[in-house]
Amino acid sequence: MSIVFKSHGGKEAEAKPAADSPNRLGLAPTGGDIAVDEQADFGYFFPPLDAPENYLPAAQSTVDDLDELGKKMIDAGVENPSGDSTLPPVFTYWGQFLDHELTLRTDREGAVTNVSTAHPPQAASTVEKELRNARTPRFDLDSVYGGSPFGEGVSADVATVISGMRHPTLHNKMRVGTAIGPTQLPDALDEHRDLPRYVQVQQGVLDAAQRLAQASLPAADAQAFLQKLPQRALIGDARNDENLVVAQFHLSFLRFHNKAVDYLSGHQTGWIADFNSAQMLTRLHYQWLIVEGYLKGVCNPNVVDTVVADRASHFFRFRAEYDGRRSGTRLGNALPLEFAAAAYRFGHSMVRADYDYNRSFGRGTDAAHVLQTAPLNLLFGFTGGGGRLDADKRLPHNWVIDWSRFLGTNPHDAADGQPARLARKIDTGLAPPLGDMVKEGNDPSLTQQLKELFKNLARRNLRRGYNLRLPTGQALHAYLKKHGAVQSGPIADVSTIFAASKPALAAFLVGSASGLHQRTPLWFYLLAEAEAGGGNRLGELGSWLVASTFIGVLLADPDSALSRGFTPRQSPLRMPDNSEIDSIVKWMKFAFVMS
């Protein structure tokens with residue numbers, strides 16, 4: 001274990017091995033937040049044989065083709081030409097929260113992931129050897145609870161910062177923040193609707209955070225970190241405070257925990273109303289919802305059920321094969337790169353340019369109405385690192401989310417010209433802001449070409465997959481079909497999917513020097529598969545990659561809801577009408593962040 005400062009983007013700091021355990025690497029500071037974790041491995045579902053026919057051509061022309069494809073994936077000035085999915089917008093950001101529980105470093109600039117020098121790509125064996133996951137892949141909510149304050153690399157300062165996440169006087173509860181007026185809240189609920197921030201903590205916690213930053217970061221980085229420390233969220237993973245919807249989703253966990261303490265205190269359940277009981281119940285309900293709520297929403301439910309019934313056997317075969325290849329150098333808990341660097345980036349296509357966020361930034365008639373929509377860029381602004389909390393260092397009332405507009409409980413179409421309360425389709429198009437990301441590519445030392453590259457999410461994803469030596473979609477699909485993991489065969493020519501709907505894209509794929517129509521980047525292939533099926537959920541291959549990884553991770557944890565066979569019926573927690581907490585809607589209502 002060690003302390004880590006981290007965030008999306010930026011250069012990767014080198015990890016340093018622990019003195020007494022060469023294969024159990026602690027984390028090096030990487031800029032951003034404080035969390036306790038261990039490193040783990042990345043490997044391949046598809047054996048890293050480097051047979052040329054299974055990969056994109058190793059040539060500079062491939063990088064050029066990928067860049068052009070990335071540009072074509074960004075919608076040109078139109079919010080949503082392909083229409084909306086049937087999924088509520090919460091699925092976009094629920095997925096992001098889950099990703100932060102499992103992975104870190106596949107989207108960073110490091111020795112084997114540097115998109116600015118994507119050619120020639122590293123050998124697959126080199127990627128497995130050198131790329132490490134900076135998160136322990138387990139759905140244990142360490143992003144919420146900060147990890148365990150015990151173990152290697154955990155100093156008194158680390159323990160102090162983790163303890164600061166707890167309420168200073170109500171010791172069984174988690175600390176939450178309070179939004180500030182004078183504007184109105186979007187509902188009649190209380191104002192304790194912000195993440196906890198350093199501005200509100202005891203001096204000892206601030207001092208500990210300062211010492212950790214100064215000891216772990218270069219002087220200039222430490223100074224920049226400390227200048228914004230008061231408004232930074234005191235949470236286990238700072239990436240959950242980079243986007244306001246994810247931040248508000250994270251807050252629901254703090255509130256759910258605290259309401260669990262209150263419920264156990266006020267009801268004769270046999271459970272002790274303490275921190276450990278609330279933490280266990282929060283985790284179990286969360287893990288149950290991962291399968292029954294999230295996976296069965298974004299994936300084909302039949303694929304999810306099949307993977308559960310099979311006990312994720314192919315995932316554990318992957319881990320066993322990886323351990324065999326990397327004997328003596330592995331860290332353990334390997335996750336497949338085909339998942340981390342391709343399949344689980346499907347959520348990028350679901351991001352909207354604008355949201356009907358609440359009555360101040362969306363449909364509304366109250367006096368505090370400000371804008372008809374909440375632009376994506378503003379959702380990055382009202383966070384600890386976004387620059388718009390600098391004055392008061394807390395979230396304004398009118399930026400508290402109205403979850404009824406994100407969960408499908410209060411649907412509204414887009415006939416009035418404002419955003420539909422739905423996610424974009426899972427397809428090969430991305431919203432315009434993802435082609436010019438406001439928080440990326442702003443380093444003044446970058447050339448104009450590199451700035452444009454870093455600001456375009458599609459180009460970055462495609463280059464990253466190439467650099468991480470991912471197999472083509474056709475190769476992986478054929479391999480998993482051969483081994484009985486999926487039933488469908490590969491899409492031999494993905495251009496056929498777009499022949500009628502996007503003829504220019506189809507022509508580009510066929511005419512590309514790399515033959516991208518038949519040797520297709522895995523991320524694009526999986527989005528195309530979903531698009532062919534209507535865009536409301538992933539196709540079979542994408543569903544299998546996501547479901548197998550999630551279910552495998554849950555089954556690898558003997559204390560998880562899936563391993564225990566937990567269902568909400570077994571929980572002592574109940575809604576006011578005595579019904580079970582068995583949906584994301586009821587989760588939000590129990591947490592009292594939604595009326």
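W523 counts as buried, because its relative accessibility is 3%, where buried means under 20% relative accessible area, exposed means over 50% and partly exposed lies in between, with a 1.4 Å probe and protein chains only. This is a predicted model, in which local features need pLDDT of at least 70 and side-chain atom pairs count only at pLDDT 80 or more, while totals for chains, interfaces and linings use all residues. Residues are numbered from 1 along each chain as its sequence is written, and side-chain values use heavy atoms, with hydrogens and water left out.

W523 belongs to helix α18, residues 522-532; helices are DSSP runs of H or I with at least four residues, strands are runs of E with at least two, and both are numbered from the N terminus. Leaving aside residues up to four places away in sequence, W523 touches M73, A342, R345, F346, L430, A458, N461 and L462, a contact being heavy atoms within 4.5 Å. F339 is 184 residues from W523 in sequence, yet their C-alpha atoms are 9.4 Å apart in space.

Elsewhere, three strands form an open sheet in the order β6-β5-β7, with mixed pairing. β6 and β7 stand at the edges with a single partner strand each, so one side of each has no neighbour in the sheet.

| Strand | Residues |
|---|---|
| β5 | 40-43 |
| β6 | 132-133 |
| β7 | 335-336 |

β5 and β7 run parallel and are joined by two bridges, and strands pair if DSSP finds at least two bridges between them. In this pairing, G43 stands opposite P336 in β7.
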